[in-house]
Amino acid sequence: MSDTPLQVVILAAGQGKRMRSALPKVLHPIGGRPLIGHALATATSLLAHVGSKARPVLVYGHGGEQLQAALADVECQWSHQVAQRGTGDAVAAALPLIEPVGRVLILCGDVPLLRERTLHALLDTPVESLAILTALVDDPTGYGRILRDGAGAVQAIIEQRDANADQRAVREVNTGTLLIPGPRLAGWLGRLNAGNAQGELYLTDIVAMAVADGVPVLGVPAASEAEIMGINDRSQLARCEREFQRRQAERLLEAGVTLRDPARLDVRGEVSTGQDVEIDINVILDGSVELADGVRIGAHCILRNAVVQAGVQILPYSHIDGARIGPGAVVGPYARLRPGTVLAADVHVGNFVEVKNSQLAQGAKANHLSYLGDADIGARVNIGAGTITCNYDGANKHRTQVGDDAFIGSNASLVAPVSVGEGATIGAGSVISREAPAGALTVTRGPQRTVRGWQRPRKKRSE
């Protein structure tokens, strides 16, 4: 690649009628990120790679407010295409934000799988040329066709609606990604006209202009048809999602992760893994997920924004959201860890236990049917089945403190704010609303009694 300045324009003004949605097409997600988010991430990474300080220019039209709200934290420039009169008009709308220097890369906001390394190949073409990313496809329906002369040189791009039968038979297509000499862009755009079947200003018409002006036009083939897949309807969105997930599974396999079935894994964020990680079927990894050495994740688990340290076992059907799990811990099955949960080493959180905004110190155990919210649980504490922390008084949340080596009997209710001292024992079925002293047994249940001769109510017979 040369040192020629690079600018990027991303076209995202289309309405996407075939999506049949109130959401702008480019905001529909692939792998948990909007379509336009993938294009922006690729563009930003490419600009950084070549040392360009230019921010991508995003051309929007339909759903502009939704788009800007969704991308509020993204570094880009915004250009409004007031009336959608074709791709040439869209790029023209971005001209006030483009310097007439270097090269201008045109990307489509609804093509999420385009790899940066493919764009590097496009940038390797001579700086004075107009380069087109092309693809050889089995079914070219809907794409503009690449027209070459007898010597194989690109002469023009013809859109399908304007093509004759012979031209429609061409299988080499335009992907919508073009690299254009910056000093020539405005002049070519100014020469576009809408004399075509759709009555639009086609950006692709600049190819024939470049040939007429003696500018070299080069076609650079994409590595695969999947890479240039554009999204126009829900079916294409679903196919694109599967291809994206196939890539994520392949990346994890290459990193040494054992996937019981690569086709039954969904990655919707960024995942980092250590050695000898094992993931069973139908697992969803969402947001930022870190899996250290030897982590094992059972079937049907969901992990979102989680840090899982070495040797942890997450048993089937567990939901981990915004939690940090210490080394050697065992979670599940059917456990739920909510945001703010921190488990230290060797903690056990078992079936149907929910933990929220709580810390469990080393070796603590809550194995069955419990809720621990806004609590600090000491080391080696045993939480009996059915125990709950009553952390909400209807207006405010309060914390529960349980000291090291305490034993909480089954079906206990700890009414916050409350503390249980070190080594304390709470009798089963107790409601603890005051401090339970260290090393002592605290019981609040009433004495057992038996009522002799009592009879159960009987259902009245209907008349």
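This is a predicted model: local features need pLDDT of at least 70, side-chain atom pairs count only at pLDDT 80 or more; totals for chains, interfaces and linings use all residues.
Helix α1 gives the most to the lining of the second largest cavity, contributing 3 residues.

The lining of the second largest cavity consists of His38, Ala39, Thr42, Leu107, Cys108, Val111, Leu114 and Thr177. Two elements, α1 (35-49) and β6 (103-108), each supply at least two of the lining residues. Classified by side chain, the lining of this cavity comprises 5 nonpolar and 3 polar residues, with no charged residues.

Two packed helices are described by the angle between their axes and the distance between the axes. The axes of α1 and helix α4 (residues 116-123) come within 10 Å and cross at roughly 50°. Angles from 65 to 115 degrees would count as roughly perpendicular and those under 35 degrees as roughly parallel; α1 and α4 are therefore oblique to each other. Their crossing is right-handed.

On the α1 side, the contact is made by Thr42, Ser45, Leu46 and His49, and on the α4 side by Glu116, Leu119, His120 and Leu123. The residues of this contact of α1 with α4 divide into 3 nonpolar, 4 polar and 1 charged.

Thr42 links the two parts of this account: Thr42 is one of the residues lining the second largest cavity, and Thr42 of α1 is also among the residues that make the contact with α4.

Note on methods. Residues are numbered from 1 along each chain as its sequence is written. Side-chain values use heavy atoms; hydrogens and water are left out. On a 1 Å grid over the protein atoms alone, a cavity is a set of points where a 1.4 Å probe fits but cannot get out, and a pocket is an open set with protein on both sides within 12 Å along at least five of seven lines; lining residues have an atom within 4 Å of a point. Helices (H or I, at least four residues) and strands (E, at least two) are DSSP runs, numbered from the N terminus. Ala, Val, Leu, Ile, Met, Phe, Trp, Tyr, Cys and Pro count as nonpolar, Asp, Glu, Lys and Arg as charged, and the others, Gly among them, as polar. Axes are lines fitted to C-alpha atoms, for helices over the stretch in contact, and angles run from 0 to 180 degrees between N-to-C directions. Angles under 35 degrees count as roughly parallel, over 145 as roughly antiparallel, 65 to 115 as roughly perpendicular and the rest as oblique. A crossing is left-handed if the near helix is turned anticlockwise from the far one by less than a right angle, and right-handed if clockwise. Contact means heavy atoms within 4.5 Å.
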